Amino acid sequence: REQSLQPAISLSIYTPFTEDTPSVGQRLLNSVLNTLIMISVIVAMTIFLVVLYKYRCYKFIHGWLIMSSLMLLFLFTYIYLGEVLKTYNVAMDYPTLFLTVWNFGAVGMVCIHWKGPLVLQQAYLIMISALMALVFIKYLPEWSAWVILGAISVYDLVAVLCPKGPLRMLVETAQERNEPIFPALIYSSAMVWTVGMAKLDPSSQGALQLPYDPEMEEDSYDSFGEPSYPEVFEPPLPGSPGGELEEEEETPILPELSEMPAFHSPDGRWPSPTAHSSHWLLVFRGSQSLPWRPGGVKLGLGDFIFYSVLVGKAAATGSGDWNTTLACFVAILIKALPALPISITFGLIFYFSTDNLVRPFMDTLASHQLYI
Amino acid sequence: MTAAVFFGCAFIAFGPALALYIFTIATEPLRVIFLIIGKASEGLKSINPDETAPSMRLLAYVSGLGFGIMSGVFAFVNTLSDSLGPGTVGIHGDSPQFFLNSAFMTLVIILLHVFWGIIFFDGCEKKKWSALLVVLLTHLLVSALTFISPHYGINLVSTYIIMVLMGIWAFFVAGGSCRSLKLCLLCQDKDFLLFNQRSR
């Protein structure tokens, strides 16, 4: 299906070892070496980011995030559109193309980094994750992509759980400073967070604080090789600045967010912030009139990207067509734990077992119209 | 083959299941979670303390539907995607109704899974081992019937009869009665009319 003679970009700088080798062993070795290179790049970037955060270079990080989303929204969209137009043999003139890409990218930047309707924001986050995944699927050599998937999930586990892991250090630093971790692009599927500052009234029963659980985070990668931070839930301290609140009144800490349209929950009971606000303050109040309802799922974008890579590769290379793709999809949804490694492991297991065991079986059944 | 075959067969096979999903499950996020997980766990109760625990019947229905959809999709989706490609059905003497038959068979399998789920869960709860045995045996029977595959008539008709019987049984197991059915059909059932306002 590769119709382009020369790829528009090439990842060979990250995967210099070719997979076009005479023997299987050599190919395996090369893919493992490619993986090592990729993982070291990712580790180096993570450490760099942690160092930046530790030394409070917030502007740098902000700029980096903006640069990477710029690149995703403009450059990768342009390349993808080019490939699509080539495949379907549709001619499009440059002015139209630039207009399209400009509109798409500009609205995306606004939605992701500033304000925008939640649905649009979700759509853009999904689209850039898909673009990232497409880049991986198309430009990484085949076996290297599989090994990288597996290695990423292991690294994820290590980075978050190990005491000296960069992500864990990051989270601990943020906790020490008692500030919300600089949130990168985090996907939140529903408007469920109450934004309110409340003095925790010790006499009100049932007022709960959401405990911070480092095991429950998912780190997110907002662009290639640049992991960003897991979100942290910050319990409000009594006596924190601006922390006074009467029972009835709700003062959002980011007042402009509550004015956004279409941001009220379905029964209109509470205003909700967008997913990108740079201050997350979660107040869990059982006895007040605003219960916290976890109707939505929060995912780091890195998860999205790697799930997409898995399902995309299943669709592109799995000879079982739909069965393999669906099996991977189901494997990702049925997560034993909300963690990347488990899902990716399930996904990989499902992919290889479905492709080799289930597919021939289902094909024979379907061709003879036997139902089990 | 034509797009008409593709869309027709797709809607025959998955239309009722999709309708069931849209009207009964998509409006309640908790039920969607059930559908995806396929089983409830204690953990879900702790997430949602202010909602009443989902009833076992709801769970049975949702999991039956989930399994049914999965099995239907896995059985039929490759055939569907082949129907978009070039070819002539039955050119080697097989039946020209291949796609239609597969679509109807998929439909009946999905519905059967829903009913089997309800009956099975109820049997487990009330420890009625005969119910479990019957569910198992009818499942085997339906699969065995598909072995006589070129003779679609017997195959399909008997499977549909089994589905209707299972449906009636599941209806009574889930708490329905002739009276409530009559009230429902005559739009006199107050509970049903207040369905959206009441959590079940």
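Q: Buried means under 20% relative accessible area, exposed over 50% and partly exposed in between, with a 1.4 Å probe and protein chains only. Is A:Trp64 buried or exposed?
A: A:Trp64 is buried, since its relative accessible area is 15%. Please note that this is a predicted model, in which local features need pLDDT of at least 70, side-chain atom pairs count only at pLDDT 80 or more, and totals for chains, interfaces and linings use all residues. Residues are numbered from 1 along each chain as its sequence is written, chains are lettered from A and ligands numbered from 1 in the order in which they are written, and side-chain values use heavy atoms, with hydrogens and water left out.

Q: How many aromatic pairs are there over all chains?
A: There are 17; rings of Phe, Tyr and Trp (its six-membered ring) pair if their centres lie within 6.5 Å, and planes under 30 degrees apart are stacked, over 60 edge-to-face and the rest tilted. A:Phe48 and A:Trp64 form a tilted pair, because their planes stand at 45°, with ring centres 5.6 Å apart.

Q: Where do those two sit?
A: A:Phe48 is in helix 1 (residues 24-54) of chain A and A:Trp64 in helix 2 (residues 58-87), so the pair links parts 16 residues apart in sequence. Helices here are DSSP runs (H or I, at least four residues), numbered from the N terminus. A:Phe48 is partly exposed, at 39% relative accessibility.

Q: What about B:Phe7 and B:Phe11?
A: These two rings are stacked, at 6.3 Å centre to centre and 25° between the planes. They are about one helical turn apart, because four residues separate them in helix 1 (residues 3-25) of chain B. B:Phe7 is partly exposed at 45%, whereas B:Phe11 is exposed at 56%.

Q: Changing topic, how many residues of each chain are in contact?
A: 20 residues of chain A contact 25 residues of chain B, where contact means heavy atoms within 4.5 Å.

Q: And what area is buried there?
A: About 2000 Å² is buried between chain A and chain B, with 61% from carbon and sulfur atoms; this is the accessible area (1.4 Å probe) that the two parts lose on being put together, summed over both. On the side of chain A, A:Trp322, A:Gln369 and A:Tyr371 lose the most area to chain B, together 37% of what that side buries.

Q: Which helices of chain A each supply at least two residues to that side?
A: They are helix 9 (322-333) and helix 10 (340-367). Helix 9 gives the most, with six residues.
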